[in-house]
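Student: I should like to understand the reasoning behind the terms used for this model. May we take them one at a time?

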Amino acid sequence: MTTRTLNATTQSVWRAPQLSLRFWPVFLRNLLVWRKLAIPSLVGNIAEPLMWLVAFGYGMGALVGQVNMPGVGGDVKVPYILFLASGSICMSAMQAASFEALYSAFSRMHVQKTWDGIMNAPVTLDDVVLAEMLWAAFKSLFTVTAILGVMLVLGISYSPKLLVAWPVLLGVGITFSCIALIFNALAKGYDFFTYYFTLFLTPMMFLSGIFFPLDQLPQVVRTISQWLPLTNAVELVRPLFMDQWPTHPLRHFLVLTGYAVGGFWIALALTRRRFRG
């Protein structure tokens, strides 16, 4: 056993990430592969959120009318479709990043053994995981950009502050790709991801103020909701659709950053342990 192998074996899986610019070729590799199926992939990613938007935004919106929202100068009334669109685009970023960091990353890691082939080159596992995380986040950005374009065509919002929403949504993709990679490291098969979507993502969709204001929830549930990553994403993005600035941007940013940093660290440690075994 060489000294390098011995050190890799004895080092703790929870050590600090050892990252380098060698993640970039791995990122480009995923991009080049995706380009062959870019159009079907985008259609699949934007079809479901647009159906939610049309069915609930126009259908239920005709019944609900307007929603009271806290604004800078007090409560303001906004059309329900604007309320829904500003939340559902965060949901789209969450889902697109999660699907890529789960199903696609698991295929490359476990089924196709692509990660093993990459690491035959001078690329470490840490760099591979970083590349997968960033790729999932950027793929979610492609999705939300397409959805934003459709929303502009529909005339839902023309706020110039939507330019700020674009990098915020990239941060949302980073956060949820980091969380999803934890479950990718734990999974033995594709069926395992059902638990993540059923027990984590789906409840969070209904507790994060996407479909109705949070003040409709009981106080205990509302307190828990305020610490969910999707809630903080919505609180950052929704005011931008309303041509306003978020009231507590630093708090929401720190919560998302905490989930992203903690999620990536845990995902990397679990992935190291999986490859060590």
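The dialogue below sets values from the structure against the cut-offs behind each term.

Student: How do you know how far the coordinates can be trusted?

Tutor: This is a predicted model, and the mean pLDDT of the protein is 88, with 92% of its residues at 70 or more. Confidence is lowest in helix 1 (residues 3-10), where the mean is 47, and highest in helix 11 (residues 249-276), where the mean is 96.

Student: What makes residues 1-6 a stretch to treat with caution?

Tutor: Over residues 1-6 the pLDDT stays under 50, and the model has 1 contact beyond four places in sequence for them. Where pLDDT is low, the predicted coordinates should not be read in detail.

Student: Why are helix 7 and helix 10 called roughly antiparallel?

Tutor: The axes of helix 7 (residues 162-186) and helix 10 (residues 229-241) cross at roughly 170° and come within 9 Å. An angle over 145 degrees counts as roughly antiparallel, and helix 7 and helix 10 are therefore given that description.

Student: Why is Asn-184 called buried?

Tutor: Asn-184 belongs to helix 7. Its relative accessible area is 0%. Buried means under 20%, so Asn-184 is buried.

Student: What surrounds the side chain of Asn-184?

Tutor: Beyond four places in sequence, Asn-184 touches Ala-101, Leu-102, Ala-105, Phe-106, Met-109, Trp-115, Phe-193 and Arg-274. As for Phe-106, its backbone nitrogen lies 3.2 Å from a polar atom of the Asn-184 side chain. The cut-off for a polar contact is 3.5 Å.

Student: What makes Ala-267 buried?

Tutor: Ala-267 is located in helix 11. Its relative accessible area of 0% places Ala-267 among buried residues, the cut-off being under 20%. Ala-267 touches Cys-178, Leu-181, Ile-182 and Ala-185, not counting residues up to four places away in sequence.

Student: Why does Phe-197 count as buried, given a relative accessible area of 15%?

Tutor: Phe-197 is part of helix 8 (residues 193-206). The value of 15% is under 20%, so Phe-197 is buried. With residues up to four places away in sequence left out, Phe-197 touches Ser-98, Phe-99, Leu-102, Tyr-103, Thr-202 and Pro-203.

Student: How do you know that the side chains of Ser-159 and Asp-243 are joined?

Tutor: A polar contact of 3.0 Å joins the two side chains, and the limit for such a contact is 3.5 Å. The side chain of Ser-159 also has a polar atom 3.0 Å from the backbone oxygen of Leu-240. Ser-159 lies in the loop between helix 6 (125-154) and helix 7, and at 9% relative accessibility Ser-159 counts as buried.

Student: Why is Asp-243 called partly exposed?

Tutor: Asp-243 sits in the loop between helix 10 and helix 11. Its relative accessible area is 39%.

Conventions. Residues numbered from 1 in each chain as written. Predicted model: local features only at pLDDT ≥ 70, side-chain atom pairs only at ≥ 80, totals over all residues. Heavy atoms only, no water. Axes fitted to C-alpha atoms, helices over the stretch in contact; angles between N-to-C directions. Helix = DSSP H or I, 4+ residues; strand = E, 2+ residues; numbered from the N terminus. Parallel < 35°, antiparallel > 145°, perpendicular 65-115°, else oblique. Buried < 20%, exposed > 50% of the residue type's maximum accessible area, 1.4 Å probe, protein only. Polar contact = N/O pair within 3.5 Å; in protein donor to acceptor, adjacent residues only side chain to side chain. Contact = heavy atoms within 4.5 Å. pLDDT = per-residue confidence, 0-100.
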